[in-house]
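Subject: Model handover

Hi,

Here is the model for your files. My notes follow below it.

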Amino acid sequence: MSLNILMPALSPTMEEGTLSKWLVKEGDIVTSGDLIAEIETDKATMEVESIDDGTIGKILVNEGQESIKVNEPIAILLLEGETLSDIESMHEAKLPEVTKNLDKIENKPKIDISSKEMAKIELVTDKNIEPVKQNKTRIFVSPLAKRLAKQRNIDLSLISGSGANGRILKNDIENFNNNKNLLQSEITLNNNKSELVKNSSMRKTIAERLVQSKNEAPHFYLSLDCNIDQLLKIRSLINLKSNDQYKISVNDMIIKAASSTLIKVPQANASWENENTRYFKNTDISVAVAIDGGLITPIIKNVQSKGLLEISEDMKILANKAKSGKLLPEEYIGGSFSISNLGMYGIKEFSAVINPPQGAILAVGSGEKRPIVINDQITIANMMTVTLSCDHRVVDGAVGAEFLSVFKDFIENPSLMLL
Amino acid sequence: MNNSDYDIIVIGGGPGGYVAAIRASQLGMSVALIEDKHLGGICLNWGCIPTKALLRASEIKHMLDNVGEFGFSVSNIKIDINNITKRSRKVADQLSTGISHLLKKNKVKVFDGFAQLEKGTPNLKTVKVKTQDSDIVIKAKNVIIATGARSRNLPFVSSDGKNIWDYKTAMTPTELPKSITVIGSGAIGVEFASFYNDLGVKVTVVEALPSILPNEDEDISKIVETNFVKRGIDIKTNTTLKAVKMFDKNISAEILCDGNVETIISEKLILAIGIIANTENVGLEKFNIKMDNGHIITNEWLETDEKGIFAIGDVTEGPWLAHKASHEGTLCVEKIAGYKNLKPIEKTSIPGCTYCRPQVASIGLTEKKAKSKNLKVKIGKFPFLGNGKAIAMGDSEGLIKTIFDEDTGELIGAHMVGPEVTELIQGFSIAKKLETTEHELMHTIFPHPTLSESMHESVLDAYNQAIHY
């Protein structure tokens with residue numbers, strides 16, 4: 001009995017992915033553990049291994065094909081003694097008819113494909129093996145519109161119907177095509193002056209999440225200037241003793257300060273979950289890292305129980321992984337609070353978009369010498385402006401203000417973080 | 001002067017206007033309706049309804065002439081045209097009174113008078129109503145013009161009510177003439193031709209275009225024409241009327257038939273060459289309202305270029321049918337009420353019915369029009385000769401023709417001629433509205449034995465699956 005190699009769920013939230021590259025071709029003999037394909041998810045590109053020995057009988061999706069639903073068959077693996085003709089009769093059910101294959105899948109105790117790294121997540125996907133069926137909500141569509149959509153290869157779920165109860169009608173199908181044509185003709189018009197770059201899965205995810213955040217979370221912003229003279233001094237001291245074993249950055253200290261603040265102001269360490277508000281006990285800090293083609297927020301977990309050295313090392317490893325697209329889902333999904341630091345670009349201050357469902361994000365500007373007034377005297381100090389974006393559903397003005405004032409206290413008196 | 005404010009003023013109480021008024025009232029709006037002649041409009045008083053009463057009489061006459069086939073013998077059949085006319089008027093009156101009650105029940109304020117739009121403010125339309133006693137000025141946010149249309153005359157001949165008839169005089173004859181020439185073979189023309197022929201009048205039909213019922217599918221027109229000719233109706237197609245003279249007590253109609261000048265002598269002449277919109281003295285010229293060929297131009301929601309002024313029914317573009325007017329009335333009122341998800345009227349979804357014998361009913365594109373649009377079509381035809389119920393009824397002349405888009409299976413046209421087809425066409429109207437394809441129609445169970453089975457068979461025939469033919 002041949003096996004369907006299915007689109008793996010590379011993260012608990014992954015619903016679909018892009019098959020960016022096949023590493024095998026039809027007829028190739030593979031053994032368990034061989035890399036067979038690269039799959040681009042909303043966050044990263046990952047390699048997929050075969051867990052069975054056999055021959056690649058048939059490749060069902062082309063390289064570059066997007067929006068392949070999790071658990072959709074992507075290839076057929078022939079087991080020992082089988083030939084391609086054996087499966088051809090059985091496999092009149094091709095790509096779109098996933099449901100036909102579901103029975104077979106359900107009878108199989110093991111997942112057809114996995115990667116060693118994915119071992120933990122496998123447990124989750126195993127239970128989720130039926131999402132294709134579950135996600136199907138009824139689409140109201142006229143028989144004619146249905147036929148037109150089929151003929152033109154249009155996904156009905158992309159169309160909002162104009163008929164009663166949203167029923168999709170002939171016109172909706174035709175307008176859908178017209179819009180597409182319009183778009184295409186506009187693109188040709190502008191060809192000389194612009195370049196069209198296909199949006200990657202990551203870009204789409206960023207777009208979706210940020211729009212969701214701005215649409216749903218009522219943002220407000222609080223800013224405060226922090227004197228970082230003490231912090232810089234202590235940082236130099238620490239780094240002086242390092243013998244090049246480590247180098248603590250200002251950012252590492254900000255992460256620690258934020259964590260210490262969240263422990264003191266736990267109301268700000270929270271996320272909005274519609275019916276409930278979740279208050280986190282740990283401080284898992286998501287740190288925005290710019291990467292090729294977008295950004296990602298790897299998480300430094302349990303910062304409250306980590307020292308600066310550990311934070312610094314974690315940060316280095318995660319940033320490298322992020323830049324090479326090797327982050328595991330659990331390394332970037334979750335987190336209780338975010339920090340975005342654009343200080344290295346000389347940005348004085350800015351406000352960041354909240355990373356949903358978190359309740360707040362701290363935007364950190366650059367440290368710079370500014371004239372300040374102390375005891376009615378103008379003096380020069382290293383100052384840094386931070387701006388907290390709060391989701392008002394979770395974090396009220398007073399809570400946000402308290403967070404910033406405690407944070408300022410930690411930044412200006414770093415030794416307090418030792419407590 | 002009495003100043004009143006309404007949400008909507010409807011000008012005209014025909015099937016467009018009164019339906020609009022009732023619908024508006026249902027939606028909680030305060031409505032005034034102004035009618036200067038008779039509630040129910042032409043349709044109810046001088047059109048659809050009284051002619052159906054007349055045609056019922058001629059149908060009975062036809063049955064009486066053929067009762068032998070069913071085992072009866074009847075002799076000494078006399079036609080009393082005055083009683084036939086009287087019944088027709090009674091039917092119209094009964095319904096007109098009914099409309100009056102409906103409007104009252106729905107709290108529509110009815111003014112008996114002639115309405116004229118005044119230059120008001122953009123947000124408050126002003127209408128002057130000339131009643132018998134005085135002029136009343138009323139104001140509303142929206143005005144719906146539903147003034148309808150009347151029959152058209154030719155430059156050299158107008159109806160005079162004596163020898164040259166329009167539809168009104170044609171449906172109230174005091175005695176049966178020996179011969180009638182009907183100019184125009186649209187629905188009105190062929191209905192009168194059929195009526196008078198069945199009552200024994202010698203009828204000639206003159207049509208400028210190559211076939212009678214020129215808007216119908218050619219196959220359908222041909223069957224009606226064959227039937228008419230068989231009954232002794234003279235059909236002159238490709239023929240235009242050039243001049244009309246009185247000749248003794250008769251009318252001499254000079255016609256140009258395929259390039260030859262001929263003369264038709266008849267006692268009466270019926271002008272049924274179309275309609276003109278009633279747009280005079282309504283005050284349209286004071287506003288930015290565009291016209292095309294005498295008819296008011298509106299957008300797809302029946303609004304004119306003047307915001308807040310709507311026009312529906314025969315005063316707008318065709319087809320000039322009562323059910324189109326009524327639907328427009330509902331649509332424009334719901335639009336005013338802010339309804340979402342409304343759909344503009346699609347002309348190809350308006351059925352048309354003609355009640356001559358045999359009846360004609362159709363919806364959508366004819367074969368010719370479909371082909372002129374370069375559509376690839378599948379055509380099904382089923383004659384009533386293959387239908388058990390039709391044969392049992394002794395009325396098996398006719399055909400049902402269905403036209404499908406070959407690529408998509410969309411029902412793009414249905415054309416019927418034969419017994420009770422005017423009652424059958426709604427089946428295809430629903431099918432079209434719901435956007436069914438041949439598949440659903442083929443798998444619908446039609447009851448046996450009914451005339452409607454022929455609809456099913458016609459669909460099956462389009463895909464070479466007809467059983468009984």
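Two strands count as paired if DSSP finds at least two bridges between them. Helices (H or I, at least four residues) and strands (E, at least two) are DSSP runs, numbered from the N terminus. This is a predicted model: local features need pLDDT of at least 70, side-chain atom pairs count only at pLDDT 80 or more, and totals for chains, interfaces and linings use all residues. Residues are numbered from 1 along each chain as its sequence is written, while chains are lettered from A and ligands numbered from 1 in the order in which they are written.

Sheet in chain A

Chain A has an open sheet of 4 strands, in the order β1-β8-β6-β3, with antiparallel pairing. At its edges stand β1 (3-6) and β3 (29-30) of chain A; each has a single partner strand, so one side of each is left without a neighbour in the sheet. Strands β6 (residues 54-59) and β8 (residues 73-78) of chain A make an antiparallel pair over 4 bridges. Opposite I59(A) stands A75(A), in β8(A).

Contact between the chains

Residues are in contact if their C-beta atoms, placed from the backbone, lie within 7 Å. Chain A gives 10 residues to the contact and chain B gives 10 residues. On the side of chain A that touches chain B, helix α5 (residues 143-151) of chain A supplies the largest share, 5 residues. By class, that side of chain A has 6 nonpolar, 2 polar and 2 charged residues. Here Ala, Val, Leu, Ile, Met, Phe, Trp, Tyr, Cys and Pro are nonpolar, Asp, Glu, Lys and Arg are charged, and the others, Gly among them, are polar.

Backbone points to check

Most residues other than glycine have a negative phi, and most peptide bonds are trans. These are the exceptions I noted.

- P356(A) and P357(A) are joined by a cis peptide bond, with omega about 5°. P357(A) lies in the loop between β17 (337-341) and β18 (360-374) of chain A.
- R357(B) and P358(B) are also joined by a cis peptide bond, with omega about 0°. P358(B) sits in the loop between β20 (352-354) and β21 (359-364) of chain B.
- N165(A) has a positive phi, near 55°. Its place is the loop between α5 and α6 (170-190) of chain A. N165(A) counts as exposed because it has 7 C-beta neighbours inside 10 Å. The cut-offs are: buried at 20 or more other C-beta atoms within 10 Å of the residue's own, exposed at 12 or fewer, partly exposed in between, with C-beta atoms placed from the backbone.
- K107(B) has a positive phi too, near 60°. K107(B) is in the loop between α4 (81-105) and β3 (109-112) of chain B. With 11 C-beta neighbours inside 10 Å, K107(B) counts as exposed.

Best wishes

Technical notes: Two residues are in contact if their C-beta atoms, placed from the backbone, lie within 7 Å.
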